[in-house]
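Biologist: I have a new structure open and I'm still finding my way around. Can you walk me through it?

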Amino acid sequence: MIELKTEPGSHRADQLPYYLLLAAAAHPNCRVDLTYVTGPLNKPAPSVDAGQRYSHLQWKEVLPLIEEVWGSDQRHEVVAYVDAVRTVIENLTLLRPSEQRAAVLGLHPGDLTTPLPVQDLRTATESKGLGAGGDRSAASRTASADSLVELARATAADGRQRGVGAVSPTDLEWLRDAARAVIGALPAHDATRLVLPWLWKGDRTTGRALTPEGEEFGYELRFSRYKTVQIQR
């Protein structure tokens, strides 16, 4: 098993022991090797049973391996992937996830806050597998442009918080940005403009998760209503 992580804050104390327990239960007659690849992270290794091994690598140790295997391949698509991986790894401790996306995509900082037209956002979400015909498990079971707006509208109407789950902080940040783009593009008089999508993290609050993913992974996308407009154009 290989667990890839770039967000230190998403590490949970029971995460690695749980992986080993699941692997042993699912494959009782197999040896289990667990490799944990992270950015700078200093956490105790999990206890391993007979037939199990654990190894922790940092991304800076993985980059030379990637360059050794693919660095001399001059095909355009390979060069682009290697460059993107190098950019992300070298900036793990320097840039926030949104800034990382900007660096990889070659965007200017202002591009990240410019709302997309709703139709363009719907096309983007469906191309990522978040629309009606895609595999939604990669980011959220129901997260399309329309469903994000529906959650925001419902929260605007009754003031109750609502949540969307995903399996990684990166997916949630993308959904948050998508939701904010849709809300920011609504007319100024629309009450949904009072709603703010934000990231809930279980290790920073005594509150409970609203989604199964939030319960398991400790983070989810939340929609909350405020008294004033939260997303400026």
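Modeller: Let's start with a term. A salt bridge is a side-chain nitrogen of Lys or Arg within 4 Å of a carboxyl oxygen of Asp or Glu. Keep in mind that this is a predicted model.

Biologist: How many salt bridges are in the whole structure?

Modeller: A search of the whole structure turns up 11 salt bridges. Side chains of opposite charge can pair when their charged atoms come close.

Biologist: Let's look at some. Which residue does Glu 220 form a salt bridge with?

Modeller: Glu 220 bridges to Arg 222, and their closest N and O atoms are 2.6 Å apart.

Biologist: Is Glu 220 buried or exposed?

Modeller: Buried, with a relative accessible area of 0%. Arg 222 also counts as buried, at 5% relative accessibility.

Biologist: Which salt bridges share partners?

Modeller: Those that join Glu 67, Asp 83 and Arg 86 into one network.

Biologist: OK, what about Arg 208? What does its side chain meet?

Modeller: The side chain of Arg 208 meets Glu 215 in a salt bridge, at 3.6 Å from N to O. Arg 208 is exposed, with a relative accessible area of 67%. Glu 215 is partly exposed, at 49%.

Biologist: Why does Glu 215 count as partly exposed at 49%?

Modeller: Exposed means over 50% and buried means under 20%, with partly exposed in between. Glu 215 has a relative accessible area of 49%, so it is partly exposed.

Biologist: Got it. And Asp 177, which residue does it pair with in a salt bridge?

Modeller: Arg 176, with the closest N and O atoms 3.3 Å apart. Asp 177 is partly exposed at 27% relative accessibility. Arg 176 is buried, because its relative accessible area is 17% and the cut-off for buried is under 20%.

Biologist: Let me zoom out. How many helices and strands are there?

Modeller: The protein has eight helices and six strands. From the N terminus, they run β-α-β-β-α-α-α-α-α-β-α-β-α-β.

Biologist: How much of the protein is buried?

Modeller: There are 233 residues, and 38% of them count as buried. The accessible surface comes to about 13800 Å². Carbon and sulfur atoms make up 54% of that surface.

Biologist: And the contacts? What share join residues at least 24 apart?

Modeller: Take contacts between residues at least 6 apart in sequence: 59% of them join residues at least 24 apart.

Biologist: What holds paired strands together?

Modeller: Strands of a sheet pair through backbone hydrogen bonds, either parallel or antiparallel.

Biologist: How many bridges link strand 4 and strand 6?

Modeller: Three bridges, in the antiparallel sense; strand 6 covers residues 219-225.

Biologist: What else is Ile 2 in contact with?

Modeller: Leaving aside neighbours within four places in sequence, Ile 2 is in contact with Thr 35 and Val 37. Ile 2 is exposed, with a relative accessible area of 62%.

Biologist: And strand 2 itself, is it largely enclosed or open?

Modeller: Strand 2 (residues 32-38) is largely enclosed by the rest of the structure, because five of its seven residues are buried.

Note on methods: Residues are numbered from 1 along each chain as its sequence is written. This is a predicted model: local features need pLDDT of at least 70, side-chain atom pairs count only at pLDDT 80 or more; totals for chains, interfaces and linings use all residues. Side-chain values use heavy atoms; hydrogens and water are left out. Two strands pair if DSSP finds at least two bridges between them. Helices (H or I, at least four residues) and strands (E, at least two) are DSSP runs, numbered from the N terminus. Buried means under 20% relative accessible area, exposed over 50%, partly exposed in between (1.4 Å probe, protein chains only). Contact means heavy atoms within 4.5 Å. Accessible areas come from the Shrake-Rupley method with a 1.4 Å probe; for residues, only the protein chains shown count as cover.
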